[in-house]
Amino acid sequence: MRLNILLSTLGLALGAFAVTHPAAAQEKLTVYTYESFTAEWGPGPAVEKTFEAECGCDVEFVSVADGVALLNRVKLEGQSTKADIVLGLDNNLIHEARETGLFAPHGTDLARVAVPGGFDDDMFVPYDYGYFAFVYDTEAIAAPPASLKALVEDTSDLKIAIQDPRTSTPGLGLLLWVKSVYGDEAAEAWAKLQDKVLTVTPGWSEAYGLFTSGEVPMVLSYTTSPAYHQIAEDTERYKAAAFEEGHYLQVEVAARTVKGADNPLAEKFLAFMTGPGFQDAIPETNWMFPAGAISKPLNPVFETLVKPAKTLAFTPQEVAEHRKAWVDEWLSVMSR
């Protein structure tokens, strides 16, 4: 009888313990990125599903408008950021990002990574690359400008949509593209281009949405953007203009924060990012060239895209040194 009472009492105690001590929650990885990555048509949903199946964890994406805004947010949050991974910076921001002291070495083998010009960095891991271009509607523009200078000097009523270099990596890319072609005469070039700018948007998504809705016949985007329309919409209506001076290169990267360095999932994610589980989603959802290993060849459409006659790029150090002054120069012209 005493044994039965003891076992009964012990059972109640264990039951109470089970109720008040639930199973441990799933491990969590918080990834800051940009809006088009997490959109239902972007790579985010597929990447999340594949990595969660592999790690048995919970991935939470937190998105902002675009890549420069991403860095601005992390800088504002500082050491209190909730991000383990920041995905969506690019080659133009990595020196400035490193100098914040908010990022940690990645500890990732980059053997599978391949981008134009090569990439060797202990803190930032490339996941895709592309070239900035002006994409135009062939039903609205019969003969697109064949160079950046031709666009700047155009005297027609052509209108374009661009992005803000203070918040957007494509916007910053155009700023650097103009600077690389015009140098000290960049302000004069912007003054001429200003008349053609219908709107300046915070991020890529807003500008490209205006373009596809017919609000503007030409938009700052990428040489790879027409691949979306050919593959997903079966139309060749939208094309990228090839510029004879060359096109500015963008390499998009991810990094783990100092906080993320304490989360084993962050290092696992960065390693995962270089392989097919991540890279297979890039070409036909982010519409960029993959920077790592893929499991199947690219759609042949990618072979038909504009191939830059020359690759333009400043070093990350040059961008970090001059970005503020060049943005101020742009702002002084565009705000007139």
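Residues are numbered from 1 along each chain as its sequence is written, and side-chain values use heavy atoms, with hydrogens and water left out. Because the model is predicted, local features need pLDDT of at least 70 and side-chain atom pairs count only at pLDDT 80 or more, whereas totals for chains, interfaces and linings use all residues.

**View 1. The largest pocket and its lining.** The largest pocket holds about 480 Å³ of space, and of its 24 lining residues S36, W41, W204, Y208 and W287 are the closest to its centre. A pocket is an open set of points on a 1 Å grid over the protein atoms alone, where a 1.4 Å probe fits, with protein on both sides within 12 Å along at least five of seven lines, and lining residues have an atom within 4 Å of a point. The volume is the space filled by probe spheres set on the points. Helix α9 (204–212) contributes the most to this lining, with 5 residues.

**View 2. The second largest pocket.** This pocket has a volume of about 230 Å³, and among its 13 lining residues N91, G118, F119, V251 and P316 lie nearest its centre.

**View 3. The disulfide between C55 and C57.** The structure holds 1 disulfide, a pair of cysteine sulfur atoms within 2.5 Å, and it joins C55 to C57 with an S to S distance of 1.8 Å. The torsion about this S-S bond is about -70 degrees, so the disulfide is left-handed. Both C55 and C57 are buried, meaning under 20% relative accessible area with a 1.4 Å probe and protein chains only.

Methods
Helices (H or I, at least four residues) and strands (E, at least two) are DSSP runs, numbered from the N terminus. Buried means under 20% relative accessible area, exposed over 50%, partly exposed in between (1.4 Å probe, protein chains only).
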